[in-house]
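Subject: Handover of a structure and notes on its contents

Dear colleague,

Please find the structure below, followed by a short account of what was found in it.

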Amino acid sequence: MTVVKHDYKGEAAAIGFTLQRKAGNDQTSPLSGLLSFRWVLVAFVLILWFVYYPIIDNFIVSTKNQDIFTGETAFVGLDNYRRLQSDPIVWTAILNNTLYAVISIVFQVFGAFVLAALIEGLDNERWRRFWRAVYFIPSAISITVTGLLFYFIYQPDIGLLDSFLTQIGLGNWSRAWLGEEHTAIYAIIAMSQWQGFGYSTLLFGIAIQKIPRELYDAAIMDGAGTWRRLWNITMPLTREMTGLMVIVTITGAFQVFNEVMVMTAGGPNNSSQVLGTWLYQQGFIENDFGYGAAVATVIFVITLLTGFAQLWYTRKRRVHL
Amino acid sequence: MSVTLQSPEREPVDFVQMLAKVCLVTFLVSLGVIVIYPLIWMALNGFKSNSEIFGNPFALPTSFTIGNYISAWNQGIRNYIATSIIVTLGSAICTVLVSAWTAYGLTRSSLPGKPYFVGIVLGGLMLSPTVAVIPLVRMMQDLGLYNTYWALIILYTAFRIPFTTFLIRAYMLGLPRDLDEAAIMDGATEGQIFWKVILPLCKPILVSCVILHVLFAWNEYLFAMIFTSGADLQTLPVGLTSIMAKHGTNYAIVFAAMTLSALPIVIVFFAAQRFFIRGLAEGIGK
């Protein structure tokens, strides 16, 4: 499931690697082949019905304007898509999703990589395990809980952040972080970094652990220092992981919903809307299913592009390896 | 150490290394505080009275009474946890079982055209629930599943099959073929090979898959919010937002409720960390 962003990471990082594996040999007689279909039947019915078909149906819905309560529908062709173009909130949302992607790449890909390298460089396995686990804790907790928690942390009256700023003498920086149009989305994105970086760090940690120790031993023999080893061994050998994480992070950033919904629901004055919350607002609050579906199509197209980028990237890497 | 005897220039290097080490530890500890302190603050606020919460946020509660926790538990958390357990376990069992069948079919059965089937299953990884949500509402209403446990169990299963199948498939590809061949020699059918030979061998990855699924299902929000409307059918994440809406002014209870919803999953994570990490490692590829 892709809404829970951290969850999506492991998932999507996985896609590419499968393609590198060969399917087992087929020695088939037609009848036993047909019988073997029973193994995949349930999964196929479920996936085609509930995962693939809704995508097609979504496009059909988007060409109609209908009301879920009266059930009346009218075919409107691509009207909903024309409306998208002239809807300023859609552009705000795309901008916010892009911000989300960019900031998450900085912290959850590059920051997490550096952090993972630092942790894996510690001498004591107990401490390595300790730090991995500590940083991961927020990722195990539901975004609803962390979203609400930061909703409170950002409050001017009871929140931690403004009190902290006042205590260190930056009291004039304090504000209602979620209540002001130009800070709301940044406050949400910051929460998301807090929650998600530990997951990426864990993934990078696993990737780094897969690097053969002999490479490092040989480099130490040759007199390579910490930075050289990081630059010449760790970086190149986790490049595949890094590339995938960039793509996965972009995909995740365009599907953000949960934290925005919990913390601001897109406000104030729609300044923190993202595509996911705008879809919800239009489809489920305004009951404009057709237009909501059109917004969903935008998300679909963007995530499809990043999905293909991921396939292309892993294929390309595979040739080089 | 002999190093110092060999080269006197070694000394400043050691100092630099020492300094680097101190910086590193300071950095790791500060980051750790940033990560953990908000969570501790959340749990502590659950012990405070409402007026204390409006006081100094860094202060400790004057007394550790569990009154707020008990009210939060009685005012919904209990029901939400029950629903979350039903949905999480139900979908975990369905997902892992169906995915194991599928992975078996895709790796070891005589199914023709396996690569295409693999493509279809794993292509599902690219499709997001957000995009499907509007059509799914109508679909679930037509099926009469709207506002039932089944809506969530079916959707969690369907959307998690691709990932879970991927993990189990990778594991099955690594199991030696001789096992099947030996079983076939003994006259075992595909079904028997699956249940008696392959499935028991896959136990480690199955456990990892259950853990990954539990983490996902326990925390899922979008589907849970849209496909359930009654208070008795809400899962924890959704229930928490209704507690927030209902007791918006009684912050102490909300904090207690948040802590109670976070606690089980943190415990599960620590208890099952090993399996969780192995699942991910498996997913990243050997």
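In which loop of chain A does A:Pro268 lie? A:Pro268 lies in the loop between helix H12 (258-263) and helix H13 (275-285) of chain A. Helices here are DSSP runs of H or I with at least four residues, numbered from the N terminus. The peptide bond from A:Gly267 to A:Pro268 is cis, with omega near -10 degrees.

Some conventions apply to what follows. This is a predicted model, in which local features need pLDDT of at least 70 and side-chain atom pairs count only at pLDDT 80 or more, while totals for chains, interfaces and linings use all residues. Residues are numbered from 1 along each chain as its sequence is written, and chains are lettered from A and ligands numbered from 1 in the order in which they are written.

Two asparagines have a positive phi. For A:Asn287, in the loop between H13 and helix H14 (289-320) of chain A, phi is near 55 degrees. For B:Asn147, in the loop between helix H6 (129-142) and H7 of chain B, phi is about 60 degrees. A:Asn287 has 14 other C-beta atoms within 10 Å and is therefore partly exposed; a residue is buried with 20 or more such atoms, exposed with 12 or fewer, and partly exposed in between, with C-beta atoms placed from the backbone. B:Asn147 is partly exposed because 16 other C-beta atoms lie within 10 Å.

Helix H4 (residues 67-107) and helix H7 (residues 149-173), both of chain B, have axes that come within 6 Å and cross at roughly 40 degrees. Axes are lines fitted to C-alpha atoms over the stretch in contact, with angles from 0 to 180 degrees between N-to-C directions.

The largest nonpolar core has 164 residues. Such a core is a set of buried Ala, Val, Leu, Ile, Met, Phe, Trp, Tyr and Cys residues joined through C-beta atoms within 7 Å. H7(B) gives the most to this core, with 16 residues. B:Met258, one of the residues with the most contacts inside the core, is in contact with residues that include A:Val145 and B:Leu240.

Between the chains, 84 residues of chain B are in contact with 81 residues of chain A, contact being C-beta atoms, placed from the backbone, within 7 Å. Helix H13 (residues 251-284) of chain B gives the most to chain B's side, with 13 residues.

How values were computed: Two residues are in contact if their C-beta atoms, placed from the backbone, lie within 7 Å. Lists of a residue's contacts leave out its neighbours within four places in sequence.
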